[in-house]
Amino acid sequence: MGYPVSDLVGRVEAPPIAEAMSWVRQGPRNRDLINLCQAVPSYPPAPELQQEFGRIALQPGTGGYTDIYGLATLREAYAGHLGADYGAKVAANHVAITTGCNQAFAAAVMSVAKAGDDVVIPVPYYFNHQMWLTMLGIGLNTIPAFAEGRSHPSAEDAAKAIGPRTKALILCTPNNPTGAVYPAEVIEAFFELAKSRGIALILDETYKDFRPNPAPAHALLQRPDWNDTLIHLYSFSKVYALAGYRLGAMTAGPSILAEAAKVLDCMTICPPQITQQGVIFALRELDQWKRGKLEMMAGRLGAIRTAFARKGLEYKLISSGAYFAYVRHPFRGEASKSVAMRLAQEHDVLCLPGSMFGPAQEDYLRLAFANVDAGIMEPLVDRLIATQV
């Protein structure tokens with residue numbers, strides 16, 4: 001008979017990145033694979049940080065637990081970083097350090113909603129958000145993440161999607177998968193809507209460091225009432241190239257953090273101590289290294305935008321920013337997975353189909369360009385043009 005399978009988990013598709021990697025043509029090839037599949041930087045952590053990890057690993061107690069919310073020193077350092085970035089004063093007791101931003105999202109959602117409740121989320125969405133919500137039995141009321149003439153969702157659409165069981169609005173900016181950086185007034189309109197309806201605004205800003213303008217992305221954290229509505233999520237993985245080290249953060253009011261602590265304790269007890277101590281060093285010492293990597297990524301973004309402006313290219317760049325380009329492919333009526341598989345198997349270009357990011361996305365592909373050099377963008381377009389023949 002076999003094992004029983006949870007109905008909720010059974011509704012979730014297989015992990016998208018792993019599935020896409022299975023499409024790669026095996027055996028020798030005459031050219032390198034252009035891997036645009038996963039949002040991970042191509043460079044390693046800073047040499048100084050790698051040395052610091054080695055030093056930390058030899059310290060007594062490094063293998064032990066920390067507080068559920070993470071090291072007090074890191075909570076203080078991150079609160080200072082967040083406050084400086086947003087022109088606000090953020091208290092350390094509003095911060096929980098998490099084992100990656102995916103855990104922060106899970107804890108946030110589980111703290112405000114249960115099976116049978118729902119959330120409002122723009123589509124296309126980050127697939128891990130959808131996976132968590134579905135596994136928890138929480139419904140998704142979807143609204144468009146972009147439309148003709150705008151690259152961001154509309155609070156008016158969100159207002160219409162709120163129902164009697166809605167517990168949260170969810171935004172991700174800079175957006176995964178579209179790369180769009182949402183204007184401050186849009187983010188603030190979603191906050192006002194959430195506050196007026198007595199629900200949470202879960203704001204995932206994993207890619208906030210890669211926004212084009214260093215000015216604060218919004219003024220929410222400057223408001224005295226922010227912690228009644230806002231749950232802010234972040235990841236240290238992208239800016240410090242620490243994806244495998246697993247560290248994120250959740251910033252919220254004390255009542256939500258008290259509930260989140262129960263989730264965090266059951267999932268991992270505490271974040272990895274060696275990573276926490278390393279990130280304290282990174283926040284203190286690596287500003288110049290970080291600026292260099294942000295400039296590199298901005299160069300890659302500029303290069304892919306320039307490449308997609310080439311005459312004769314029928315793939316259309318719909319939106320781009322941070323690590324991502326969201327592209328409309330030219331094969332109307334063909335499933336996006338079919339297009340993505342053909343790109344991988346015949347043209348050595350690995351990307352993700354729009355269908356992995358929600359309904360009505362069959363015309364699109366996501367290109368995650370963080371792990372390819374700027375000089376690869378023109379050869380990428382060469383290969384895309386070759387598919388049009």
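Predicted model: local features only at pLDDT ≥ 70, side-chain atom pairs only at ≥ 80, totals over all residues.
Helices (H or I, at least four residues) and strands (E, at least two) are DSSP runs, numbered from the N terminus.

- All five of the five residues in S13 (residues 364-368) are buried, so the strand is largely enclosed by the rest of the structure; buried here means under 20% relative accessible area, exposed means over 50%, and partly exposed is in between (1.4 Å probe, protein chains only).
- Tyr364, Arg366 and Ala368 point one way from S13, while Leu365 and Leu367 point the other way.
- In a regular strand, side chains alternate between the two faces of the sheet.
- Strand S10 (residues 324-328) runs antiparallel to S13, and five bridges join them; two strands count as paired if DSSP finds at least two bridges between them.
- Within that pairing, arginine 328 has tyrosine 364 of S13 as its bridge partner.
- Strand S12 (residues 352-353) also pairs with S13 in the antiparallel sense, over two bridges.

**Helix H11**

- H11 (residues 287-307) has 21 residues that should span 30 Å at 1.5 Å a residue, and its end C-alpha atoms are 30 Å apart, which agrees; the expected span is 1.5 Å times one less than the number of residues.
- The buried residues of H11 are Trp289, Lys290, Lys293, Met297, Arg300, Leu301, Ala303, Ile304 and Ala307.
- They cover an arc of only 160° around the axis, which puts them on the same side of H11; the arc is that of the directions from the helix axis to the C-beta atoms.
- Turned away from that buried side, the other face carries the exposed residues Gln288, Glu295 and Thr306.
- The cover over the buried residues of H11 includes helix H3 (47-57), helix H4 (72-86), strand S9 (316-321), S10, S13 and helix H13 (377-387).

**The seven-stranded sheet**

- Seven strands make an open sheet with mixed pairing, in the order S2-S8-S7-S6-S5-S3-S4.
- Strands S2 (95-98) and S4 (139-144) stand at the edges with a single partner strand each, so one side of each is left without a neighbour in the sheet.
- Strand S7 (residues 230-235) and strand S8 (residues 248-251) pair in the antiparallel sense over four bridges, with leucine 233 standing opposite methionine 250 in S8.

**Cysteines**

- You'll find zero disulfides in the structure; the criterion is a pair of cysteine sulfur atoms within 2.5 Å.
- Cysteine 37 has its closest cysteine sulfur in cysteine 351, 8.4 Å away and too far for a bond, and cysteine 37 counts as buried at 1% relative accessibility.
- For cysteine 172, the closest cysteine sulfur is in cysteine 101, at 8.2 Å, again too far for a bond; cysteine 172 counts as buried at 9% relative accessibility.

**Alanine 39**

- Alanine 39 sits in the loop between strand S1 (34-35) and H3, and is buried with a relative accessible area of 10%.
- Not counting residues up to four places away in sequence, alanine 39 touches Tyr207, Lys238, Tyr323, Phe324, Arg366 and Ala368, where contact means heavy atoms within 4.5 Å.

Terms used. Residues numbered from 1 in each chain as written. Heavy atoms only, no water.
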